[in-house]
Amino acid sequence: MPRKCQSWLNTWKEWTVPRSQAPESVLFWCGLFTLAATLRRNVYIGRKYLGNWDCFPNMYLMLVADAGVINKSTTIGFVTELLANLSPPLTRIPQEITVPIVLESLKESPDSSGYLVISEFGTIMEKAGNGMYTKLVDLFDNVKIADEHTFVRGKSIVEKPSLNLIGATTPDYISDNIPKAVIQGGFGSRVIWLHETKPREIRLFYNKVQKRE
């Protein structure tokens, strides 16, 4: 069967750039995230090449810009539009996250994989609590078993979990609210913090407005 896209990322660019004011760097990394969420554990670089760890293509991507500058949520919408239409479907984890909800969602997934979209990172993480950062670090590292014990749900065990995360926030929220230990520690080092200060272009309409006769 011939390839439908000679270069998937180039096709992604042709699809997103004409209808977005976001910088091309943001669109490019969102394209890479879409690939990572789709590939899950099906592709990896083995430990025979890297020492003693397997490198899977999971990704934590954070779009950072002041409100309304690059249309962060709209840009993430390109990602979710594609991922929502895959067949068989991928597991999208509910945005109102807690550690048990994330693990239960991965446990119910056919291959223990899922993707998480947090368009308002600050609001969601404040509700989830700092313990969520620790669990996200474990999941990023592709541990063989992830578990959590709660009084109500008992113990949730997930074998070979795979999680991809894309979110959006502002520089002020990062500096004012995320603990310094989180930024300088494990979670911060695993996130691609993509910061942009201005849009690529500003348009009111993306197609010509038809004049009424």
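So, strand 2 first: 6 of its 6 residues are buried, so strand 2 is largely enclosed by the rest of the structure. Buried here means under 20% relative accessible area, exposed means over 50%, and partly exposed is in between, with a 1.4 Å probe and protein chains only. Strands are DSSP runs of E with at least two residues, helices are runs of H or I with at least four, and both are numbered from the N terminus. Ser113, Tyr115 and Val117 point one way from strand 2, Gly114, Leu116 and Ile118 point the other way, and all are buried.

Before I go on, this is a predicted model, where local features need pLDDT of at least 70 and side-chain atom pairs count only at pLDDT 80 or more, while totals for chains, interfaces and linings use all residues. Residues are numbered from 1 along each chain as its sequence is written, and side-chain values use heavy atoms, with hydrogens and water left out.

Okay, the sheet. In general, strands of a sheet pair through backbone hydrogen bonds, either parallel or antiparallel. Here we've got 4 strands in an open sheet, order 2-5-1-6, with parallel pairing. Pairing requires that DSSP finds at least two bridges between the two strands. Strand 2 and strand 6 (191–195) stand at the edges with a single partner strand each, so one side of each has no neighbour in the sheet. From one strand to the next, the twist averages 10°.

Now, strand 5. Strand 2 pairs with strand 5 in the parallel sense over 6 bridges, and strand 1 pairs with strand 5, also parallel, over 5 bridges. If you want to click through the partners: Val117 has Ile166 of strand 5 as its bridge partner, Tyr115 stands opposite Asn164, and Ile118 stands opposite Gly167.

How many residues of strand 5 are buried? That's 8 of its 8. Ser162, Asn164, Ile166 and Ala168 point one way, Leu163, Leu165, Gly167 and Thr169 the other.

Next, the cores. A nonpolar core is a set of buried Ala, Val, Leu, Ile, Met, Phe, Trp, Tyr and Cys residues joined through side-chain atoms within 4.5 Å. The largest one has 30 residues, and those with the most contacts inside it are Tyr60, Ile97, Phe121, Met132, Leu136, Leu139 and Phe187. Several elements each supply at least two residues of this core, including strand 1 (60–64), helix 5 (99–108), strand 5 (162–169) and helix 8 (171–177). Helix 7 gives the most, with 5 residues.

Take Ile97. Contact means heavy atoms within 4.5 Å, and, leaving aside neighbours within four places in sequence, Ile97 is in contact with Val102, Leu116, Ile118, Ile124, Met125, Ala128 and Met132. Apart from that core lies another one, of 25 residues, among them Trp12, Val17, Phe33 and Tyr115.

Phe33 deserves a slide of its own. Where is Phe33? In helix 2, residues 24–39. At 0% relative accessibility, Phe33 counts as buried. Not counting residues up to four places away in sequence, Phe33 touches Met59, Leu61, Val79, Leu83, Asn164, Leu165 and Ile166. Phe33 and Leu61 are 28 residues apart in sequence, and their C-alpha atoms are 7.3 Å apart.

On to helix 6. Its buried residues are Phe121, Gly122, Ile124, Met125 and Ala128. They cover an arc of only 165° around the axis, which puts them on the same side of helix 6; the arc is that of the directions from the helix axis to the C-beta atoms. What do those buried residues pack against? Strand 1, strand 2, helix 7, strand 5, helix 8 and helix 10 (186–190). The face turned away from the buried side carries the exposed residues Glu126 and Lys127. Just after helix 6, Gly129 takes a positive phi of about 90°.

Last bit, the whole chain. The secondary structure comes to 10 helices and 6 strands, and 40% of the 213 residues count as buried. Among contacts between residues at least 6 apart in sequence, 71% join residues at least 24 apart. Along its principal axes, the C-alpha trace spans about 70 × 50 × 35 Å.

Technical notes:
Axes are lines fitted to C-alpha atoms, for helices over the stretch in contact, and angles run from 0 to 180 degrees between N-to-C directions.
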